[in-house]
Amino acid sequence: MNATQAWPLIDDATFEQLRRVMPAGEFSSLLALGMQLYRQYCDAMRDPQASLARIRSEAHKLKGSAGSVGLTRVSRLAAEFEACSDPSQVTPLVARLSMAIDESAAALRARGMPAESDQTALRV
Amino acid sequence: MTSSPTAATVAYPPHEVYVASERGAAELRRGMTRLSQLEIELLVRLDGASSLDRIHAGMAGVSEHDFADAVATLRERGLVKPAQTDTFAARLQADALRMAGAGAAANADSQLASLRAAGFFVGIARRPAAPRACAEGRQLTAVVVEDEPVLARFIKSYLALEGIEARVAANRAEVVAELRKPPVPDVILLDVQLPDADGFDILQKLRAHPAFRTTPVIMLTGQATRASVLRGIAAGADGYMTKPFEADALVKAVHTVLGLGAPAASQWGDPWVNRDCQQGASEHRRGWTQ
């Protein structure tokens, strides 16, 4: 097991708490919005024109957002990314992050959450 | 005995190195503290490497007497403990620095490095000296300055569960627009890294504005360094929470800075300490809000 896999995809306590407390539909809608935006952040990091500062800024957003809704592995990887100062590490880190997002989406689906793109969810 | 020139008032060993105890770390994370600004600042600065006299030297304008009082309070409350330092290694390092003629500069550098080191996660919120007055019968309102849409929506939804109506602002223009709208918010949650603005600058402007001078502000940011926490607290923030955060801790912090009674969650325990209690609190809250 590598370091990435050692982090849980989802923090069970946070996830269950939010599912119980938040209004029906709101949490799943929030997660759907999250998965959509997190993929967009990854795409922005992949952009060959993106500066390291821009990439780290995207990672910064991802770290706080994903971690707060219980997506631990994505958040921890994003934190690792935020601290990265070596441009040669960007491509492998984006690949790991992208994989973690896909795995998190699958884990959410397994828990009955519609972790798919939902254009209507983009409204704050 | 101490070697300080004002030894009569100094009740701490200046060369001792302290670190936050488990209880002290919890005090900085539980979203509710009665510590003064100076005590918080001192607790944040205790990095397990810097001696008390060095820390005091880095705190401009703090008298020896006030510093000693703050040390005494933290010790009495069990919020600090002596750091487990390797004295042999420390002596070797000090000797090496002295021989290199760079002792003072290296000390300053190491303190700076400690202040800037990432991974200092906190959930600080200070109680007001007196309960804050809210217009009777009016719903509490918050302005949430947050540019990340998922978090903005998450915070807004969670505050709504507590009966707090949140208005969201994602950039400078929206911050200005939301702050101009009545009513003046009861609390402001303030991100630091915005696309076209800096949260610390916004905090400074708020504290200089007559309408917002006393409005509670909680910094809610991914900047998890001692230096950032100190900057926020020194600039007049009532709270500082690092991201990612736990929703219950945020709610608790909001209640704290507003001087309200404890939210449902804290009746069941500290969400940072006991997750079982946290889940119980969630069940309790659901029944309470619906």
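Start in chain A: select helix α4 (residues 52-68) and helix α5 (residues 72-82), whose axes come within 8 Å and cross at roughly 155 degrees. Angles over 145 degrees count as roughly antiparallel, so α4(A) is roughly antiparallel to α5(A). The two helices make a left-handed crossing. The model on screen is a predicted one.

Now show the side chains where these helices touch. On the α4(A) side, pick A:I55, A:R56, A:A59, A:H60, A:L62, A:K63, A:A66 and A:G67. Their partners in α5(A) are A:V74, A:S75, A:A78, A:A79, A:F81 and A:E82. Colour this contact by residue type, and the α4(A) and α5(A) residues divide into eight nonpolar, three polar and three charged.

**A salt bridge within chain A**

Stay in chain A and select A:E16 and A:R111. Their side chains meet in a salt bridge, with 3.8 Å from N to O. The pair ties together distant parts of the chain: A:E16 belongs to helix α2 (residues 12-21) of chain A, A:R111 lies in the segment after α6 (90-110), and 95 residues separate them. Over all chains, the count comes to 20 salt bridges.

**Between the chains**

Next, display chain A and chain B together. How many residues of each chain are in contact? The contact involves 30 residues of chain A and 28 residues of chain B. About 2600 Å² of area is buried between chain A and chain B, and carbon and sulfur atoms give 59% of that area.

How many salt bridges are counted between chain A and chain B? The count is one. To see a salt bridge across the two chains, select A:E26 and B:R153, whose side chains meet at 3.2 Å, N to O.

**Helix pairs in chain B**

From α2(B), the contact takes in B:L38, B:E39, B:L42 and B:L43. From α4(B) come B:D66, B:F67, B:A70, B:V71, B:T73 and B:L74. By type, the residues of the α2(B) and α4(B) contact are seven nonpolar, one polar and two charged.

Move along to helix α9 (residues 199-208) and helix α10 (residues 226-234) of chain B. Their packing angle is about 15 degrees, with the axes 10 Å apart. Angles under 35 degrees count as roughly parallel, and α9(B) and α10(B) are therefore roughly parallel to each other. The crossing of α9(B) past α10(B) is left-handed. To view the contact, show B:F200, B:D201 and B:L203 in α9(B) with B:S228, B:R231 and B:G232 in α10(B). The residues of this α9(B) and α10(B) contact divide into two nonpolar, two polar and two charged.

Most peptide bonds are trans. The last two stops in chain B are cis.

Zoom in on B:P182 and B:P183, which are joined by a cis peptide bond with omega of about -5 degrees. Where does B:P183 lie? B:P183 is in the loop between α8 (172-180) and β7 (187-190) of chain B.

Then select B:K243 and B:P244. The peptide bond from B:K243 to B:P244 is cis, and its omega is near -5 degrees. B:P244 sits in the loop between β9 (239-242) and α11 (247-258) of chain B.

Definitions and conventions. Residues numbered from 1 in each chain as written. Chains lettered and ligands numbered in written order. Predicted model: local features only at pLDDT ≥ 70, side-chain atom pairs only at ≥ 80, totals over all residues. Heavy atoms only, no water. Axes fitted to C-alpha atoms, helices over the stretch in contact; angles between N-to-C directions. Helix = DSSP H or I, 4+ residues; strand = E, 2+ residues; numbered from the N terminus. Parallel < 35°, antiparallel > 145°, perpendicular 65-115°, else oblique. Left-handed = near helix turned anticlockwise from the far one by under 90°. Contact = heavy atoms within 4.5 Å. Nonpolar A, V, L, I, M, F, W, Y, C, P; charged D, E, K, R; others polar. Buried area = accessible area lost by both parts, 1.4 Å probe. Salt bridge = Lys/Arg side-chain N within 4 Å of Asp/Glu carboxyl O.
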